Amino acid sequence: MATKPKIAFFDFTSCEGCQLTVIDLLQTHLGLLDLVEIVQFREAMSEKGEDYQIAFIEGSCTRKSDEARLLQIREQASMVVALGACAHLGGINALKNRWTIENVQTYVYGKNGKDAYESYPARPISAVIKVDAVIPGCPIDRYEFLRIVQLILQGRKPRLPDYPLCVECKFKENACLNTLGKPCLGPITRAGCNAICPTYGDGCEGCRGWHPEANFTYMREILRGHGLSDAEIDARFTMFNHYQFQHMGDEAPITTPLSPLKDEPLPTSTFAAPKEA
Ligand code: SF4
Ligand code: SF4
Ligand code: SF4
């Protein structure tokens, strides 16, 4: 019997929800284990094999020490796949790039945070190493994961849909949320999740990144029609894609600053403080 390709999963800064999606998928698609041998997957097993050909990397690069680990994985793996929005886009982690790192560390860890925890602006893993394939989404779509793994095992290059989410949404015969008074970023978002959020009545938030022909000017007009201010629209545009806009520089279709303003405080938490005992 031919040797099965060895695969490994790695996590960087993330909620680990994409790995959890893979574990969940294995509950119903155990046959995948006939095709590959998983040698490292911290969320699912204790073994830590260092001999692998395909690396799935979840999470963003958010500190200097991440770089060496990413380079080490890249050196070992013949194929690196970015797993989910954090690894693919920087994702919600890159929202912190709006503030100075000192401000963020103090906000999260208290006044000694900056000495206790290493941190720097969040980036997708492609900012540090070459990435061969991407599985977008927050979290990933399990069936897209399955499809992309199958393509990789067949030696074929996975390609992502290059058309807007609205196409999938129309195939599902959903009533358009933007015409029902609910903001939806479907017109600018890359398809591939089968329009899952609009199908369940929630507007798309762009977690798969933009499709190549995204028209931000027109999207802004639609969102203004919902009564959103430009700052609120910027907040929606940047939720998963802050890093991408930062790297567009002056071309970014954003009206508010994307880079840190030195003394700007972080917003007050919307969570209630725990009651004193
Ligand atoms: S992409 Fe979303 S679900 Fe996946 S690890 Fe990042 S935050 Fe979690
Ligand atoms: S609900 Fe969203 S994804 Fe669906 S057609 Fe309308 S804008 Fe497009
Ligand atoms: S509908 Fe939009 S926000 Fe929801 S999973 Fe798809 S791309 Fe992400």
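1. In what sense do strand 1 (residues 6-11) and strand 2 pair, and over how many bridges? They pair in the parallel sense, over four bridges. One of the facing pairs is Lys6 and Glu37, the latter in strand 2. Two strands are said to pair if DSSP finds at least two bridges between them.

2. A word on the basis. This is a predicted model, in which local features need pLDDT of at least 70 and side-chain atom pairs count only at pLDDT 80 or more, while totals for chains, interfaces and linings use all residues. Residues are numbered from 1 along each chain as its sequence is written, and chains are lettered from A and ligands numbered from 1 in the order in which they are written.

3. The overall make-up. The protein has twelve helices and five strands. Both are DSSP runs, numbered from the N terminus: helices are H or I with at least four residues, strands are E with at least two. The radius of gyration is 20 Å, close to the 19 Å from the globule rule for 277 residues, so the protein is as compact as a globular protein of that length. The radius is taken over C-alpha atoms, and the rule is 2.2 Å times the number of residues to the power 0.38. The C-alpha trace spans about 60 × 55 × 45 Å along its principal axes.

4. Burial. Of the 277 residues, 38% count as buried. A residue is buried if 20 or more other C-beta atoms lie within 10 Å of its own, exposed if 12 or fewer, and partly exposed in between, with C-beta atoms placed from the backbone.

5. Five strands form an open sheet in the order 2-1-3-4-5, with parallel pairing. Strand 2 (37-41) and strand 5 (133-135) are the edges, and each pairs on one side only. From one strand to the next, the twist averages 20°. Axes here are lines fitted to C-alpha atoms, for helices over the stretch in contact, and angles run from 0 to 180 degrees between N-to-C directions.

6. Strand 4 (residues 79-83) deserves a look. Four of its five residues are buried, so strand 4 is largely enclosed by the rest of the structure. Strand 3 (residues 54-58) pairs with strand 4 in the parallel sense over five bridges. Strand 5 also runs parallel to strand 4, and three bridges join them.

7. The crossover. Strand 3, helix 3 (residues 64-76) and strand 4 make a right-handed β-α-β unit. Right-handed means that, with the strands pointing away from the viewer, the path from the first strand over the helix to the second runs clockwise.

8. Ligand 1. There are 13 residues around ligand 1, and Ser14, Gly17, Gly84, Cys86 and Cys138 come nearest. Helix 1 (17-28) and helix 4 (85-89) are the elements that give two or more residues to this shell. A residue is near a molecule or strand if its C-beta atom, placed from the backbone, lies within 6 Å of it. By class, the shell has seven nonpolar, four polar and two charged residues. Ala, Val, Leu, Ile, Met, Phe, Trp, Tyr, Cys and Pro count as nonpolar, Asp, Glu, Lys and Arg as charged, and the others, Gly among them, as polar.

9. Ligand 3. The residues around ligand 3 include Cys193, Cys197, Cys204 and Cys207. Gly137, Thr189, Glu205 and Arg208 are also among them. The shell around ligand 3 divides into seven nonpolar, two polar and two charged residues.

10. Backbone points to check. Most residues other than glycine have a negative phi, and most peptide bonds are trans. The bond from Cys138 to Pro139 is cis, with omega near -5°. Pro139 is found in the loop between strand 5 and helix 7 (142-153). Asn194 has a positive phi of about 65° although it is not a glycine. Asn194 counts as partly exposed, with 15 C-beta neighbours inside 10 Å.

11. Glu173. This residue is in the loop between helix 8 (165-171) and helix 9 (196-199), and Asn194 lies in that loop too. Phi of Glu173 is positive, near 60°. With 7 other C-beta atoms within 10 Å, Glu173 is exposed. Glu173 and Cys15 are 158 residues apart in sequence and 33 Å apart in space, C-alpha to C-alpha.
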